Amino acid sequence: MNQTAQSEHYTFQLNDKVTRQKVTFKNRYGITLAGDLYLPKDSSGKNLAALAISGPFGAVKEQSSGLYANQMAERGFVTLAFDPSYTGESSGEPRNVASPDINTEDFSAAVDFLGLQKNVDRERIGIIGICGFAGFALNATAVDKRVKAVATTSMYDMCRVTSKGYNDIVTPEQRSKTLEQLSQQRWQDAQQGTPAPSTANLPQKLQGNEPQFVKDYFDYYKTPRGFHPRSINSNGAWTMTSSISLMNMPILTYIKEISPRPVLLIAGEKAHSRYFSEDAYKEAAEPKELMIIPNAVHTDLYDKEEDIPFDKLVDFFIKNLKKP
């Protein structure tokens, strides 16, 4: 595959009722974000509701978020799928850095951009967050009152899982030991002049004894189904020290302040991550809804259109992004 073909590679087909154009916009920190703006072909002269979409954590806009944007644009929304700061085609150095603050800000920057489009009703903007960016989407909605409704699929709370492990099994002693190692790593990075990559990445080849959810991730990111050369999970690694800020900044502290704006949380019945959505649902204030997709695993909601409840998402946003 040549470089141009790689650059233009999408893991889904563009709907023939939708147009897509590359756009850029800056966040509050001066980082230039790269996005794809999807428009219904019959949208000229209309004032439409809009959605900012990002995720999964370690993915790019040519993967799952673009698929969602494509589907929702077909159904009448202006949609923006974007690469988070330091990843994909967005700017920011060093590369492959995650930050709960900056990645939350990325969503608000996308709302900035959408609200300046002539065919967007800035009073009717919502967010869809996928996987790790679902947590950041909830955090952004809590603080940014311009967002009128938020939906998440296969939600991860990246701060919680990084700090406490899956199902919160990490002990205070283990957490302290990890932070000691990461603190020392900073000196090594400073001496080298570049941050070391994380070693907690998907394997290049399955051995067969991995947990099922690792096999599911591999099946998406490392095979033609979802591989993209710019995706960190497909072809790279986060910086090791990205974990520091994730471990130190809980992002769902103010989830109750999303109310009275509505929250829709969607998770697979068999997803290893299901408990994140269930716990967020418990913490959120009304109006809120939790939708469990029968038999679906975490990654099914990345791209399996028969499992992703697009009709539900459309109904949710039509109802909650209606004209005042």
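This is a predicted model: local features need pLDDT of at least 70, side-chain atom pairs count only at pLDDT 80 or more; totals for chains, interfaces and linings use all residues.
1. Asparagine 167 and aspartate 168 both sit in the loop between α5 and α6. Asparagine 167 has a positive phi of about 55 degrees, and aspartate 168 has one of about 60 degrees, although neither is a glycine. Most residues other than glycine have a negative phi. Asparagine 167 counts as exposed because its relative accessibility is 52%, and exposed means over 50%. Aspartate 168, at 32%, counts as partly exposed.

2. Next, the peptide bonds. Most peptide bonds are trans. Here, a cis bond joins glutamate 93 and proline 94, with omega about -5 degrees; proline 94 belongs to the loop between β4 (78-82) and α3 (100-115). Another cis bond links serine 259 to proline 260, with omega about 10 degrees. Proline 260 is in the loop between α9 and β7.

3. Which strand holds glycine 268? The answer is β7, which covers residues 263-268. Glycine 268 has 0% relative accessibility, so it counts as buried, the cut-off being under 20%. Beyond its neighbours within four places in sequence, glycine 268 contacts Arg274, Ile292, Ile293, Ala296 and Leu301. Aspartate 307 is 39 residues away along the chain, yet its C-alpha atom and that of glycine 268 are 8.7 Å apart.

4. Now for the chain as a whole. It contains 12 helices and eight strands. Its radius of gyration is 19 Å, which agrees with a compact globule, because 324 residues packed that way would give a value near 20 Å. Along the principal axes, the C-alpha atoms fill a box of roughly 55 × 50 × 40 Å.

5. Finally, burial and contacts. Buried residues account for 56% of the 324 in the chain. The accessible surface is about 14,700 Å², and carbon and sulfur atoms hold 50% of it. Of the contacts between residues at least 6 apart in sequence, 73% join residues at least 24 apart.

Note on methods:
Residues are numbered from 1 along each chain as its sequence is written. Side-chain values use heavy atoms; hydrogens and water are left out. Helices (H or I, at least four residues) and strands (E, at least two) are DSSP runs, numbered from the N terminus. The radius of gyration is taken over C-alpha atoms; the globule rule is 2.2 Å times the number of residues to the power 0.38. Buried means under 20% relative accessible area, exposed over 50%, partly exposed in between (1.4 Å probe, protein chains only). Contact means heavy atoms within 4.5 Å. Accessible areas come from the Shrake-Rupley method with a 1.4 Å probe; for residues, only the protein chains shown count as cover.
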